[in-house]
Amino acid sequence: MGKKMNKKNKSQSHRQHVLQDDDGRRHGCNYHILPHLSSDYHSDEEVKEDFISNLPDDILSEILSLIPLDSAVKTAALSTRWKDFWGKTLTLNGSKEGMFCAVGDLVSNFDVECPFKHPRKLQYSYGSSGLVLVASLGLKAKLHLDFSKGKLDFPRDFGWQLILNTTSHLHHPPQHSVRNLDLTSVNYLTSDAVSCIASNLGFIESLTIRKCEGLRSLRLEADLGLQNLTIVDCSRLKSLAVEAYELQAFRFRGPLCWFSLEGVESLEDVKLECREGPGYGRFKYQDYDALLLAMRDVKILTLSGWIFKEIMMPWLCNGHENFRFTELKELWWIDSSEQNIEAALMSFLQFSPSLQRLFITIDPSSFNAEPSKMASKERKQAKLRHLKLVKLEGFADGEERIISLKERLIDGFNVEPRMVIVTKGSQPRCLIRIPRHRGKGNPNNGASKKKASYKFVEEIEDNAGLCCPHIHML
């Protein structure tokens, strides 16, 4: 009898529970959590009925305004009704010149306190050939401008100057506030309009430029605030000039272009994923002096192996012999084959005494370069006391080369990290070294001391996140 009464009291307490959080107090209202529809009290038909999705738009908007925006976005996965409600799109037709006002209205009308009052997506058609801009507002004050829908009749190369976060904003704050700006497929027709929009968005902290067909040269100026710059898949880009005094992260993917960096003194996050090789024929390692000096305190790095062979190694051997990546903790090394990776990688590790996690990817389609002749210079042996993990992907030559790499780490750096091998379609494996005890043979046979057997076993544990992907892989 007592158990039945306790169950009844718990059920009544659950149905009568009232939640009043910070958002509720701010709006001056209390709201109730709907009771769980248990089969003890309701039929299956009642359980399946979705009462909330049948509510009018104004009530749904009020409900969603009472919870954090990032939680409200997740409701789009509940049903088509919620997805359509969150993804309402404003459709407009106009001229290229009217694009600035249309995007400005989208941003200025957005209300964080009531994010469903106005659409957060805009589809703006312009031009005689059906060109389209899709603008969308996301979380954390992010604006995405996408020009990929629609096709140019006559694509052409163009140069682009982009000025952000000028000191004049300190005295005359811009009308709109956007911290993260993502620009996709900007072309020669829209580059000027985008520059005008970007200069009026406030202090942009993160800028991403991707897939801009025909972009040959880019000059970016940001007096204040810009911390993260990402340039992805702009395949025709030949020159990049950046003046940004607070830049901390620079991520680049595509054919390597000419760089000019001004005011960039300390980068903590660098990605140079240039699998296609150089973007132009004649380049000198001296052209990358400012970039390499700014990488002195880098903590997270992605590097195509050929860049080290043809640019970094000559630079290090000519006046920068004492240079070290003393703060580097994570490295993702991308190379074309396992046959020529060891010499270059071992040379790079000499400059990375604090490395903790090393990721190696073999991509046969990547650009290949012969090791620099200056790479053979002798230098003081380094110790990798902090290296805990080496994760390998794409090794096709079998287990012997992986074992050879592990032995070179042991012999050359006196370190034995956890070595994990990832093969597509198979369970990750871990390489285990099993030391061999000296036998009763010749005691002077020193070679027997170094011999060991190896075993590949399935990787079961993640060692508290040790094997989680490199951040640039996400």
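This is a predicted model: local features need pLDDT of at least 70, side-chain atom pairs count only at pLDDT 80 or more; totals for chains, interfaces and linings use all residues.
Glutamate 221 has glutamate 243, in strand S12, as its bridge partner.

**The parallel sheet**

The strand S12 spans residues 239–244 and runs parallel to strand S10, residues 215–222, with six bridges joining the two. Both strands belong to an open sheet of four strands, whose order is S7-S10-S12-S14 and whose pairing is parallel. At the edges of this sheet lie S7 and S14, each of which pairs on one side only. From one strand to the next, the twist averages 10°.

| Strand | Residues |
|---|---|
| S6 | 142–146 |
| S7 | 158–164 |
| S8 | 180–184 |
| S10 | 215–222 |
| S12 | 239–244 |
| S14 | 258–262 |

**A helix under cover**

Now turn to helix H9, residues 191–198. Why is H9 described as largely enclosed by the rest of the structure? Six of its eight residues are buried, that is, under 20% relative accessible area. Those buried residues are Ser191, Ala193, Val194, Ser195, Ile197 and Ala198. The cover over them includes helix H7 together with strands S6, S7 and S8.

Two packed helices are described by the angle between their axes and the distance between the axes. For H7, residues 99–109, and H9, the angle is about 35° and the axes are 9 Å apart. Their crossing is right-handed. Which residues of H7 and H9 meet? On the H7 side they are Met99, Phe100 and Val103, and on the H9 side Ala193, Cys196 and Ile197. The residues of this contact comprise six nonpolar, no polar and no charged.

**The whole protein**

Stepping back, the protein has 14 helices and 22 strands. Of its 474 residues, 43% are buried. Looking at contacts between residues at least 6 apart in sequence, 65% join residues at least 24 apart. The accessible surface comes to about 25600 Å², and carbon and sulfur atoms account for 50% of it.

How values were computed:
Residues are numbered from 1 along each chain as its sequence is written. Side-chain values use heavy atoms; hydrogens and water are left out. Axes are lines fitted to C-alpha atoms, for helices over the stretch in contact, and angles run from 0 to 180 degrees between N-to-C directions. A crossing is left-handed if the near helix is turned anticlockwise from the far one by less than a right angle, and right-handed if clockwise. Contact means heavy atoms within 4.5 Å. Ala, Val, Leu, Ile, Met, Phe, Trp, Tyr, Cys and Pro count as nonpolar, Asp, Glu, Lys and Arg as charged, and the others, Gly among them, as polar. Buried means under 20% relative accessible area, exposed over 50%, partly exposed in between (1.4 Å probe, protein chains only). Two strands pair if DSSP finds at least two bridges between them. Accessible areas come from the Shrake-Rupley method with a 1.4 Å probe; for residues, only the protein chains shown count as cover.
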